[in-house]
Amino acid sequence: MSVQQETRSGDEALEVWIDQDLCTGDGICAQYAPEVFELDIDGLAYVKGPDDELLQAKGAVTAVPLPLLADVVDSARECPGDCIHVRRVLDKVEVYGPDAE
């Protein structure tokens, strides 16, 4: 299923998290989806909560807003550190990122 089909169907809630151990600090994610990702003063990328707060706990996840799905997926695909993981909320299966099947 293409990103466009998933965006139109909207029947699966997705969440995203970043593995900071692999983050290169390149900032591509923050360029694609600044509403979801941000670089902190440590030079690493983190996800942001719905209140725009940086979520710095290890393995912190945030919901992928449907209008930003394509940007979040592009971030995962373009990330040089392969550290962005997008998974279904329902069963925690990674659908985009280094562990996607």
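1. A disulfide is counted here when two cysteine sulfur atoms lie within 2.5 Å of each other. In general terms, a disulfide is a covalent bond between the sulfur atoms of two cysteines. By the distance rule, the count for this structure is 0 disulfides.

2. The structure is a predicted model, in which local features need pLDDT of at least 70 and side-chain atom pairs count only at pLDDT 80 or more, while totals for chains, interfaces and linings use all residues. Residues are numbered from 1 along each chain as its sequence is written, and side-chain values use heavy atoms, with hydrogens and water left out.

3. Buried means under 20% relative accessible area, exposed means over 50%, and partly exposed lies in between (1.4 Å probe, protein chains only). Cys23 is buried at 14%, and Cys83 is buried at 2%.

4. A nonpolar core is a set of buried Ala, Val, Leu, Ile, Met, Phe, Trp, Tyr and Cys residues joined through side-chain atoms within 4.5 Å. The largest such core has 22 residues, of which Val16, Phe37, Val72, Ile84 and Val86 touch the most other members. Two or more residues each come from strands E1 (14–18), E3 (45–48), E6 (84–88) and E7 (94–96) and from helix H3 (69–78). Helix H3 gives the largest share, 4 residues. Helices (H or I, at least four residues) and strands (E, at least two) are DSSP runs, numbered from the N terminus.

5. Contact means heavy atoms within 4.5 Å. Beyond its neighbours within four places in sequence, Ile84 is in contact with residues including Val16, Phe37, Cys79 and Tyr96.

6. Two strands pair if DSSP finds at least two bridges between them. An open sheet of 3 strands runs in the order E2-E3-E4 with antiparallel pairing. Its edge strands, E2 (37–39) and E4 (54–55), each pair on one side only. E2 and E3 are joined by 3 bridges, and Glu38 has Tyr46 in E3 as its bridge partner.
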